[in-house]
Amino acid sequence: MSPSVPNEPVLAVDGLSIGFQNRHGLLPAVRELSFSVKSGEMLAIVGESGCGKSLTALALLGLIPPPGRVTGGTVRLEGRDLLALDEAALRRVRGARIAMIFQEPMTALNPVLTVGEQIMEAILEHETVSRKAARERTLALLERVRIPDPERRFAEYPHRLSGGMRQRVMIAMALAGAPAVLVADEPTTALDVTIQAQILSLIDELRREQGTAVVFITHDLGVVSRYVDRVLVMYAGRKVEERDTRDLFADPLHPYTRGLIAAQPRAGAGAAGAVRERLAEIPGTVPALAAMPAGCAFAPRCPLADARCAQAVPPPRRAGSGLVACHHAGETHAL
Amino acid sequence: MPSDAALAAPTVSAAVAATPVLRVSGLSVEYRTARGVVHALDDVSFELAPGETLGIVGESGCGKSTLARAVVRLLDPSAGTIRLGDTDITHASRRRMRAARRDLQMVLQDPAASLDPRWTVGDLLAEPLEIHGIGSRAERRARVADLLGKVGLPPEAAQRRPHEFSGGQRQRIGIARALALEPKVVVLDEPVSALDVSVQAQILNLLTDLQSTLGVSFLFIGHDLSVVEYVSDRVAVMYLGRIVELGGRDSLWRRPAHPYTRALLDAAPRIEGPAAPAGPALTGDTPSPYDLPSGCRFHTRCPIAAGVCRRLAPVMQTLSPGHHVACHFPVGGTPPSD
């Protein structure tokens, strides 16, 4: 494990753009996205379907599926630009320094290998150790992710396990190379809420104890509020706001962030006997990739939009603990 | 076994005094599979008052979707009764069920699954009216336009096909179709689970509006606790095929009495909630439905289980009017003399 300098980000993304090539040209799916994560920090990227959050996650590991491709920017992992690496070099970094877990573990697990065999394989791919040593490390990893009775689970096939157990196995595999960064794409979305709580506390514990930086992709604002340090909100491929979690929920600045939070049912929103308080709706729908507005992509749905919003993309500006990309950021309280 | 009397009276809804539109009593469903018999639903009882929303929550395998499908008779129960108004529909024939469907409709999570892609939205909405011989062709066309308006879609939507709409719009179409016959009860099985939060808010507002104008009752199946809390007047919490707690929404959220209800509420992170869970996360997985635990089905994961919990299934008891729990050691209840 290479030691990282404290306060220096382990992962720094700068001006990342991702597009899809089709016969009409290049459709931009992620545009000029910049963010960074430090050791032991958990950053959430939130947004609704199609905002580009999952593509961003894949780009961090050089896994964008064609016809998608990275069209600009850098992804620096411990100082090295991953986007400049060839496939062989990328493969050495993947798993060893940066690893990913997915919503559906079965897509990442090999159904014909036992749980133990695949974790051993992950270890042996990145290190020259004896099979005996790899086996012991595997058992230790299974224990680390709180899988009861690791000896027995070692010999079991993935399909025999529950969804929560499979997610633990995938986390154990991701940890096999002791990565500096863990990218988690909706890791608990398919799980029941009590199992979700177990998996989230496990990820939280790992980053605290091992200093793993976590990039957490999610649509669930409740999960974000409980487990995450900093939040990046994406809309139509761009970062619209990035704040410390507490500040974001106490005082969201972007009209989209405000809308998203207000659309979430709140505790006690309809007190007994009283008329149920209506949820805030965001009118309209997300623009299609092929029909992005020239200015702010949120302008057609925004209560504050004016002529300037229709013409110019608002640049990210400093705001308290973070950034907001809105021409009217200071005025949102009037909403 | 919970008695009907124990579950009879909802206390929160203003509609208390009215005769229930739906009465489910001792309902059980078994699936026979190659691996054995699954008791998917075991002795479930509740009533639904006019204009009321009863939420059903629980995790995978708790039986909530089986319950939804058994109530609309897509599944045959192995025991118990379902009464729609004054009619016992538990074993109603196909012909009698068709008549009953005027009053009992269903909305699914994925409306695309229930909307024939070759049909126009207008035909899809007119079909239930035709089946029941309601109105002339022109009257039905007017009714379709009216239905589209009720769910916030333009009249031109009638000429288009389901795939031309977004997920949220398709769910509006699914809701319009369910409401075409002005049913008394609509069973909604995870109706907003596939939708983004901003669209989810639109659909939840729509359901709330429709209920207040039409007076329809909803049986709302969900797994998202904040959504179920938002829409429901009363809530039933299910675990492994049984209702473990049933009460007024506020009573249940403020004073959850069953250890499972408490764990469920605690595990679901909320924006305005505490930064950390109040108690330790539940350990372990839900047991296999093929091999149900003895006694209380929750005892294998319960933080306060005792000997009696392994031996005896707890009886549903009343904690306060309208708030019932099936636990030997409920919070705020009297411990068993055993």
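This report walks through the predicted model shown above, with a look at chain A, its sheet and one of its helices.

## Overall build

Let's start with the whole chain. Chain A has 11 helices and 12 strands. Its radius of gyration is 21 Å, close to the 20 Å that the globule rule gives for 335 residues, so chain A is as compact as a globular protein of that length. Along the principal axes, the C-alpha atoms of chain A fill a box of roughly 65 × 55 × 40 Å.

Of the 335 residues in chain A, 45% are buried. Among contacts in chain A with a separation of 6 or more, 63% join residues 24 or more positions apart.

## The open sheet

Eight strands of chain A form an open sheet with mixed pairing, in the order β6-β7-β8-β3-β9-β10-β12-β11. At the edges stand β6 (98–101) and β11 (317–319) of chain A, each with a single partner strand, so one side of each has no neighbour in the sheet. From one strand to the next, the twist averages 25 degrees.

Lying across β6 and β7 of chain A is α6(A), which runs at about 170 degrees to β6(A).

## Helix α7

Helix α7 of chain A covers residues 193–210 and reaches 25 Å from its first C-alpha to its last, close to the expected 26 Å. Its buried residues include Val193(A), Ile195(A), Leu200(A) and Ile203(A).

What do the buried residues of α7(A) pack against? In chain A they meet α6, β7, β8 and α8, and they also pack against α11 (259–267) of chain B. After α7(A) comes Gly211(A), with a positive phi near 70 degrees.

Key:
Residues numbered from 1 in each chain as written. Chains lettered and ligands numbered in written order. Predicted model: local features only at pLDDT ≥ 70, side-chain atom pairs only at ≥ 80, totals over all residues. Helix = DSSP H or I, 4+ residues; strand = E, 2+ residues; numbered from the N terminus. Rg over C-alpha atoms; globule rule 2.2 N^0.38 Å. Buried ≥ 20, exposed ≤ 12 C-beta atoms within 10 Å, placed from the backbone. Contact = placed C-beta atoms within 7 Å. Expected span 1.5 Å × (residues − 1). Pairing = 2+ DSSP bridges. Axes fitted to C-alpha atoms, helices over the stretch in contact; angles between N-to-C directions.
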